[in-house]
Amino acid sequence: MADAQAPFLRACRREAAPHTPVWFMRQAGRSLPEFRALRERHSFFDLVRSPELTAEVTLQPVQRLGVDAAILFSDIVTPLQAIGIDVEMRSGVGPVFAHPFRTAADLDRLRPLEPDTDLAHVIEAVRILVKELDVPLIGFAGAPFTMASYLVEGGPSRDWARTKALMLGDPELWRALLDRLASLSLASLRAQVGAGAAAVQLFDSWVGALDPHHYAESVMPASAKVLRGLADLGVPRIHFGVSTGELLGMMGKAGADVVGVDWRTPILDGWARVGPLAVQGNLDPAILGAPWEVVAREADRILDAIDGRPGHIFNLGHGVPADADPDVLARLVDHVHRRTQT
Ligand code: 1CP
């Protein structure tokens, strides 16, 4: 069970910590040989549906890398699958939907989530994990825009053209869709916190594709509904997206306590835009493939800019690449800890 004084939680509250906490988005998964070995015997959703296997995969990076927080092993599409949406996790591709969202009739398929039954396996996994972990557990969900993008496109996309066409072409249906997805993510996050998750992250990975005007008008209210709907629970709320340089100011006003900054925005510029919150980031994941001296130098560039200011959580600007070397990740955690020890 993590205590409230854990460095990760102190940094989320912008309190001084004994060292800068580190964790990595997508730290559980394909970069770890022990995960790949499990995946040879089980499908992705078999892992998600088994509380014991979910717990095992969640613990793998904590044990191997020495990170300051665990993130529940799951996916942003888990709550959709839990309400009966037909989604397949295709290897090397991502989530693929049998019936993409196209018309108002599709709204009926998005019934409300009943976490106690629909997510019983996830709740049980969280309960197991909070007993076993000695670092905080981060629960997570997809933000309405990013979830909608998968549903509308039917899978991963490079330009989100159908999603934007729906958003601008049928604003009423778009609002109804985002509102349902916000309720789904909110219910899932509240259940994860109820079972013991000490913090949550709302992944709006692809929101940086939007014009800031459309973000403000058509997306931010739904994200704010999720984040503000967690306020009474008192756990830190992290809000993250990629290529969000022009959106960081608004993301900082949507109800989060911590905002993720990707490598395209220098960390201090990002922090200035985010406002009086904590920040998370922002090493370019591609740098992990460079020689160790380069990784250390680039991590130091971030730490030197931060210069000990409380409220920084070290992370990558996006997820761990599948071919990342776990030894480099472990060395990076150790390096950040040593460099920032007070
Ligand atoms: O075959 C496999 O093993 C599937 C690979 C995989 C894994 C390990 C997918 C498919 N999802 C996951 C786990 C996962 N997904 C986690 C685990 C916890 C951790 O971070 O360690 C998390 C947090 C996610 C969240 C997720 N899924 C996001 C947001 C984070 C991000 O990377 O931006 C997104 C966009 C997804 C969709 C998704 N699921 C899987 C893939 C390959 C993708 C991306 C597809 C695309 O490019 O659009």
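Here are some numbered notes on this structure, which is a predicted model.

1. Start with the ligand. The shell around the ligand holds 27 residues, and those that come nearest are Arg26, Arg39, Tyr150, Ser205 and His318. By class, this shell has 16 nonpolar, 7 polar and 4 charged residues. If you want a quick way into the model, bring up those five nearest residues with the ligand.

2. Arginine 39 has a polar side-chain atom 2.5 Å from an oxygen atom of the ligand. Glutamine 27 takes part through its backbone, where a polar atom is 3.1 Å from a ligand oxygen. Serine 74 also uses a polar backbone atom, this time 3.5 Å from a nitrogen atom of the ligand. As for cover, the ligand on its own has 890 Å² of accessible area, and the protein covers 92% of that.

3. Where does the ligand sit? The space taken by the ligand is the largest pocket. Two elements give two or more residues to the shell around the ligand: helix H2 (33-41) and strand S3 (94-97).

4. Is serine 74 buried or exposed? It counts as buried, because its relative accessibility is 14% and the cut-off for buried is under 20%. While the backbone of serine 74 pairs with the ligand nitrogen, its side chain makes a polar contact of 2.8 Å with the side chain of threonine 78.

5. Arginine 14 is partly exposed, with a relative accessible area of 41%. Arginine 26 counts as exposed because its relative accessible area is 53% and the cut-off for exposed is over 50%. That value counts the protein chains only as cover, and arginine 26 is also one of the residues that come nearest to the ligand.

6. There is a cis peptide bond to check. Which bond is cis? The one from glycine 281 to asparagine 282, with omega near -10°. Asparagine 282 lies in strand S8 (residues 278-283).

7. Now threonine 146, in helix H8 (residues 144-153). It is buried, with a relative accessible area of 0%. The side chain of threonine 146 makes a polar contact with the side chain of aspartate 204, at 2.6 Å.

8. Valine 226 is buried at 0% relative accessible area, and alanine 222 is buried at 10%. What lies 6.5 Å from alanine 222, C-alpha to C-alpha? Proline 144, which is 78 residues away along the chain. Valine 226 and tyrosine 215, by contrast, are 11 residues apart in sequence and 15 Å apart in space, again between C-alpha atoms.

9. Strand S3, one of the elements that give two or more residues to the ligand shell, contains phenylalanine 97. Phenylalanine 97 is buried, with a relative accessible area of 5%. Its C-alpha atom is separated by 10.0 Å from that of valine 77, which is 20 residues away along the chain.

10. At 15% relative accessibility, leucine 53 counts as buried, because the cut-off is under 20%. Leucine 53 and histidine 42 are 11 residues apart in sequence, with 9.6 Å between their C-alpha atoms.

Methods. Residues numbered from 1 in each chain as written. Predicted model: local features only at pLDDT ≥ 70, side-chain atom pairs only at ≥ 80, totals over all residues. Heavy atoms only, no water. Near = heavy atom within 4 Å. Polar contact = N/O pair within 3.5 Å; in protein donor to acceptor, adjacent residues only side chain to side chain. Areas by Shrake-Rupley, 256 points an atom, 1.4 Å probe, with all protein chains shown as cover. 1 Å grid on protein atoms, 1.4 Å probe; cavity = no way out; pocket = protein on both sides within 12 Å on 5 of 7 lines; lining within 4 Å. Sits in = over half its atoms within 2 Å of the grid points. Helix = DSSP H or I, 4+ residues; strand = E, 2+ residues; numbered from the N terminus. Nonpolar A, V, L, I, M, F, W, Y, C, P; charged D, E, K, R; others polar. Buried < 20%, exposed > 50% of the residue type's maximum accessible area, 1.4 Å probe, protein only.
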